[in-house]
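I opened this notebook to record what I looked up in one protein chain.

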Amino acid sequence: IPFKGQVLNQIANYWFDAAKEIVATHVIDTPDPNVTVVKRCEALPVEVVVRGHITGSLWRAYEGGAREIYGLRLPDGLRRDQKFDAPILTPTTTAAVGSHDEPTSPAAVVSTGRVGRKRWEENQEKALALFKAGAAAARARGLILVDTKYEFGVLDGALVLIDEVHTPDSSRYWMADGYEAAFKAGGDQRMLDKENLRQWLLERGFSGQGVPPPLTDEVRVMLAEKYLELYERMIARPFERVEGQIADRVAANLRKAGRL
């Protein structure tokens with residue numbers, strides 16, 4: 001996907017910088033638009049997904065009749081893309097490479113020993129605080145932060161935010177100005193995230209199992225345009241396209257920063 005690495009890295013670092021008021025992060029340096037140098041942490045074996053609306057996989061489970069999920073009891077009568085009264089926290093177990101993460105519950109995270117109770121309580125508190133900050137910033141820019149994934153680690157005994165944060169790969173974003181009309185009509189939201197690609201794959205019969213269909217240039221460009229639009233809305237400045245041989249530039253910038 002053109003410019004994807006740069007977009008994700010720069011959005012993540014924008015938010016890692018903002019997140020420092022809430023929780024420590026693993027970031028050391030960003031010597032290149034495509035590179036983040038980070039501290040090595042012990043990753044917690046749980047991903048935390050915070051959801052402000054019922055959509056995506058949660059909606060598909062709900063539509064299929066599920067009401068007890070992630071240790072939560074969801075009421076009858078919800079509609080696709082409906083906003084929750086308050087964000088909910090839905091953890092998943094971290095799977096090995098090539099496998100899928102599995103839904104779990106806050107109680108099971110502790111009872112199975114994946115994360116200690118005190119650490120898990122802190123984890124939940126920080127995740128909800130990050131989502132509150134992200135949702136407020138998105139709202140101010142004409143966006144809705146629908147849901148997002150957070151990953152945390154431990155360094156020197158302290159909880160640390162790792163991986164990425166509030167990017168279009170780890171988060172779902174909708175355009176705010178069309179949300180209400182689309183919701184009332186039962187139509188699709190205008191999305192500025194990876195869900196555009198997921199829907200393209202679903203339309204072609206691929207839902208994560210087997211061999212995916214090859215991506216066309218058209219869909220690659222479409223997703224790049226969505227990511228660039230999100231970047232410019234979220235960061236509130238034009239995207240500076242860095243073209244050319246990325247590997248050579250990265251190596252030169254790492255040497256310049258004394259990292260290589």
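The entries below go from the chain as a whole to one strand and its partners.

**Entry 1: the whole chain**

I noted at the outset that this is a predicted model. I then looked up the secondary structure and found eight helices and twelve strands in the chain. The radius of gyration is 19 Å, close to the 18 Å that the globule rule gives for 260 residues, so I recorded the chain as being as compact as a globular protein of that length. Taken along the principal axes, the box filled by the C-alpha atoms is roughly 60 × 45 × 40 Å.

**Entry 2: inside and surface**

I looked up burial next: 45% of the 260 residues are buried. The chain exposes about 13700 Å², and carbon and sulfur atoms supply 49% of this area. For contacts between residues at least 6 apart in sequence, I found that 65% join residues at least 24 apart. I also looked up the charges, which come to 35 positive and 36 negative side chains. The centres of these two sets lie 2 Å apart.

**Entry 3: strand S10**

I then turned to strand S10, which covers residues 143–155. Why is S10 described as largely enclosed by the rest of the structure? Twelve of its 13 residues are buried, where buried means under 20% relative accessible area. I therefore wrote down S10 as largely enclosed.

Which strands pair with S10, I asked, and in what sense?

- Strand S4 (residues 42–43) pairs with S10 in the antiparallel sense over two bridges. Here Ala43 has Gly153 of S10 as its bridge partner.
- Strand S5 (residues 46–53) runs antiparallel to S10 and is joined to it by four bridges. Within S10, Tyr150 stands opposite Val48.
- Strand S12 (residues 171–175) is an antiparallel partner of S10 over five bridges. I noted Thr148 opposite Ser171 in S12.
- Strand S11 (residues 158–162) is joined to S10 by five bridges, and the two run antiparallel. The bridge partner of Gly153 in S11 is Val160.

I marked Gly153 in particular, as this residue is the bridge partner of Ala43 and also has Val160 as a bridge partner in S11.

Terms used: Residues are numbered from 1 along each chain as its sequence is written. This is a predicted model: local features need pLDDT of at least 70, side-chain atom pairs count only at pLDDT 80 or more; totals for chains, interfaces and linings use all residues. Side-chain values use heavy atoms; hydrogens and water are left out. Buried means under 20% relative accessible area, exposed over 50%, partly exposed in between (1.4 Å probe, protein chains only). Two strands pair if DSSP finds at least two bridges between them. The radius of gyration is taken over C-alpha atoms; the globule rule is 2.2 Å times the number of residues to the power 0.38. Contact means heavy atoms within 4.5 Å. Accessible areas come from the Shrake-Rupley method with a 1.4 Å probe; for residues, only the protein chains shown count as cover. Lys and Arg count as positive and Asp and Glu as negative; His and the chain ends are not counted. The place of a charge is taken as NZ of Lys, CZ of Arg, CG of Asp or CD of Glu.
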